[in-house]
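Please look over the structure below before reading the notes. They are arranged by topic, for use alongside the coordinates.

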Amino acid sequence: MADPPGCCHPCATCLLCLYSCQWITAKKENRKGLRTTKCDCSWFLFLFCVFLFTLVWLYFAIIILNDFHNFNEFIFKQRKLWLDWSLVLLIATAVLITYSAVLLVLALCLQLCGQPLKLHWLHKTLLILTALVVAAAFTGLGIKWAEEWRSARISLQATGPFLHIGIVGGMTLLAWPLASFIYRTRNTGLKVFLLLIYCTVMIALYLAPLGITSPCIMEENQLPPKPALVGHRGAPMLAPENTLMSLRKAVDCDVQVFETDVMVSADGVPFLMHDEELTRTTNVQAVFPERAALNSTAFNWTDLQQLDAGSWFLERRPFPTVQRLSAGDRYQATKQRIPSLEQVLEAAKQSNISIMFDLRPENHSDYQSFVNATLEVILQSGIPLQQVLWLPDGFREQVKQQAPGVQQVYGRKRLQNEKEPLLHVNLPYQDMSSEEIRQYRQDNISVNLYVVNQPWLFSVLWCAGVSSVTTNACQVLKEMKHPMWLLPSSTYLMIWIVVDCASFLAILWAFLLLKKCSQRRRPAESETDVLLTKINSLMQE
C-alpha cells in the first residue's frame, strides 16, 4: 500500500503513535510487515460502533435533564445524600464521547494517509469498558426510569429534522475515508460489501424525512396560543419550594396556577409539604433529631413552625440558579417557614392566582379527616372557589357536594363511557401524544402536562396545543415568545431536497476525486516496481 502524495510523514508518525501507543515511523521502509489485518478492521468497526453508542447515550443524557431533579430527589430519599447528579452524568458522558471520538478521528486520518490501523491493547480495553459502562447506563435507565424512553420519542419531534441533517452530513464526510479504503484494497468482495452497506444507509437517510413528524411543522397562522404556566411548588429555581417566597416568585413569573402539595398536621392544620419526611426541605434533624424520620403528619403545627424551611435551599443548591440569587433573596430564603394552607390561600387571593394541590398521603388511615380539614380551610378562606383546583381522587364526590364551585382536575385520561365530561386533566407529559392533545383541545378539555422545564419540550407541547404546563423553570419559559422553531411544510420539503442533493454531489465528488488520485499513483508504483526488479536481477547476476 503506497503512501499518498502530500502525506506529511511527521504528522502520520504522530497519528500512529497516538493510535498504536508505540513509536512507529510512518515511512514505508520503516514499517515493513505492519499491515491492516482483518482483526484491525474488526477493531475499527468496533470503535465506530462504540462511538455511535456513546453518541446515542449523549443524546439521551441531554433529554433526561428535563426530569433529572426527580432523580436527585429519589437518591436523597434513598441515601440522604444531596448532589446534583446531572453534573456527574454530563461529565462522565463527555469523557466517554470525547475519548471514542478522538480515537475515531485518528483512525480516519490514518486511513486517509495510508497508514496501518494497529490499535493498542490499552485502547481496546478502554473501548470495551466504555461500551460496558454505556450499556449499563441504558440498562439502568430501562429498569428504574422506563418513562424516559417515551421522553426520547417525544424529543424526536423537536430534534428529528435537525438530527436528519446532522446524520446526513456525518455520513457524507465518511465517504472520503471509505473511498480511500476502497481504492486501496484489492479485496473485491469487501469493496462490494462496504459499498452496499453505505449505499443502503444513505438511501434510508435520504428517505428518512418521510417518517419524521413534528407538531412544529406547521404554518405560522396555525400556531395555538402559548400554554399557561403552572408553578411546580411555586418557583423552585428561585426560592425554596412550597413556601410563600416561592409563591411570590411564581407570581412575578406570570404563573397563573400555584401547584403544591398539602398535608395535615397531627392537630388538624393543613400545611404545604411534598415529602413524607421533613429531612430534605427543613432542618428537622437539628431541631427534632429523635423524630426526624417520622412522617410529616406526625408533627403538630407548633412543632412545624419551629422549623427552618429555607436555609437548605442555599446550602444544597438544588438548581444552578441558586448561585445567581441576590443578597436580598438569600436573606429572605433563610426566613422561610412551613406555610399553612390558610396562609397560602390568602396570598393566592391577594395575587389573583389559582392554586392546584394534591392531598398527601393518600393511603393514610385518617385521609377522610384530612379532606374535611382541607375543605374547611378553603371554605373559610374567602377565596373564590373557581381559583381552587382539586386534584385528589379520594372522596371527590364529597368535595363536589360541599364545595361545588371548586374545579375538579383528574389525573387520568377520559373514559369511553364517562358519566360526566371531564373539563380538566393533569398528566405527565409522556402520557399524551400530540394527536390526543389536539383532540382534547377540540373537545374543550383543558390539558395540563407536568413537569416541563426545557424549552425544546415546551416548544413541542406549545405547537401541539396543550393548555398549560407545570414547570420548575417559570423564569425561563416566561421569556419564550415563540417556539424554538416553526417550519411550514413547504420550507421543510425544500430543506430536505437541498440537503439530500448536496450530500449526493459531495459523495460523488469524493469518490471521483480519490479515484483520479488513485489512478495517478498506479503508473508511478508500476515504474518503481519495474526498476526495483531490474536492480534486484542485476545484483543476483
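The model is predicted.

- Helix α6 spans residues 147-173 and contains E148.
- E148 is buried but takes part in no salt bridge. The nearest side chain of opposite charge belongs to R150, and it is 8.3 Å away.
- Apart from neighbours within four places in sequence, E148 is in contact with I64, D67, L141, Y429 and Q430.
- S151 is also found in α6. Its relative accessibility is 0%, so S151 counts as buried, the cut-off being under 20%.
- With neighbours within four places in sequence again left aside, S151 is in contact with I63, D67, Y429, Q430 and W456.

**Packing of α6 against α8**

- Two packed helices are described by the angle between their axes and the distance between the axes.
- Helix α8 covers residues 188-207, and its axis comes within 10 Å of the axis of α6, with a crossing angle of roughly 155 degrees. Because angles over 145 degrees count as roughly antiparallel, α6 is roughly antiparallel to α8.
- The crossing of α6 and α8 is left-handed.
- On the α6 side the contact is made by H164, I167, V168, M171 and T172, and on the α8 side by Y198, V201, M202, L205 and Y206.

**Helix α18**

- Helix α18 runs over residues 455-464 and is mostly covered, with nine of its 10 residues buried.
- The buried residues are W456, L457, F458, S459, V460, L461, W462, C463 and A464.
- G465 follows α18 and has a positive phi, near 100 degrees.

**Salt bridges**

- Side chains of opposite charge can pair when their charged atoms come close. The structure holds 19 salt bridges.
- One of them joins the side chains of K118 and D40, at 2.9 Å from N to O. K118 lies in the loop between α4 (85-112) and α5 (121-144), and D40 in helix α2 (residues 38-63), so the pair ties together parts that are 78 residues apart in sequence.
- D40 is buried, with a relative accessible area of 8%.
- E241 forms a salt bridge with R233, and their closest N and O atoms are 3.2 Å apart. Both ends are buried: relative accessibility is 7% for E241 and 4% for R233.
- R233 and E241 also belong to a network of salt bridges that links them with E73, D275 and R280.
- The side chains of R412 and E418 meet in a salt bridge at 2.9 Å, N to O. R412 is partly exposed, with a relative accessible area of 29%, and E418 counts as partly exposed at 25% relative accessibility.

**Backbone details**

- Most residues other than glycine have a negative phi, and most peptide bonds are trans.
- R360 and P361 are joined by a cis peptide bond, with omega about -10 degrees. P361 lies in the loop between β4 (354-359) and α15 (367-381).
- Y450 and V451 are joined by a cis peptide bond, with omega about -20 degrees. V451 is found in the loop between β8 (446-450) and α18.
- F395 is not a glycine, yet its phi is positive, about 55 degrees. F395 lies in the loop between β5 (388-390) and α16 (396-402) and counts as partly exposed at 36% relative accessibility.
- N444 is another residue other than glycine with a positive phi, near 60 degrees. N444 lies in the loop between α17 (434-442) and β8 and counts as exposed, at 66% relative accessibility.

**Y331**

- Y331 has its place in helix α13 (residues 327-334) and is exposed, with a relative accessible area of 57%.
- Y331 and G310 are 21 residues apart in sequence, and their C-alpha atoms are 9.5 Å apart in space.

Notes
Residues are numbered from 1 along each chain as its sequence is written. This is a predicted model: local features need pLDDT of at least 70, side-chain atom pairs count only at pLDDT 80 or more; totals for chains, interfaces and linings use all residues. Side-chain values use heavy atoms; hydrogens and water are left out. Helices (H or I, at least four residues) and strands (E, at least two) are DSSP runs, numbered from the N terminus. Buried means under 20% relative accessible area, exposed over 50%, partly exposed in between (1.4 Å probe, protein chains only). Lys and Arg count as positive and Asp and Glu as negative; His and the chain ends are not counted. A salt bridge is a side-chain nitrogen of Lys or Arg within 4 Å of a carboxyl oxygen of Asp or Glu. Contact means heavy atoms within 4.5 Å. Axes are lines fitted to C-alpha atoms, for helices over the stretch in contact, and angles run from 0 to 180 degrees between N-to-C directions. Angles under 35 degrees count as roughly parallel, over 145 as roughly antiparallel, 65 to 115 as roughly perpendicular and the rest as oblique. A crossing is left-handed if the near helix is turned anticlockwise from the far one by less than a right angle, and right-handed if clockwise.
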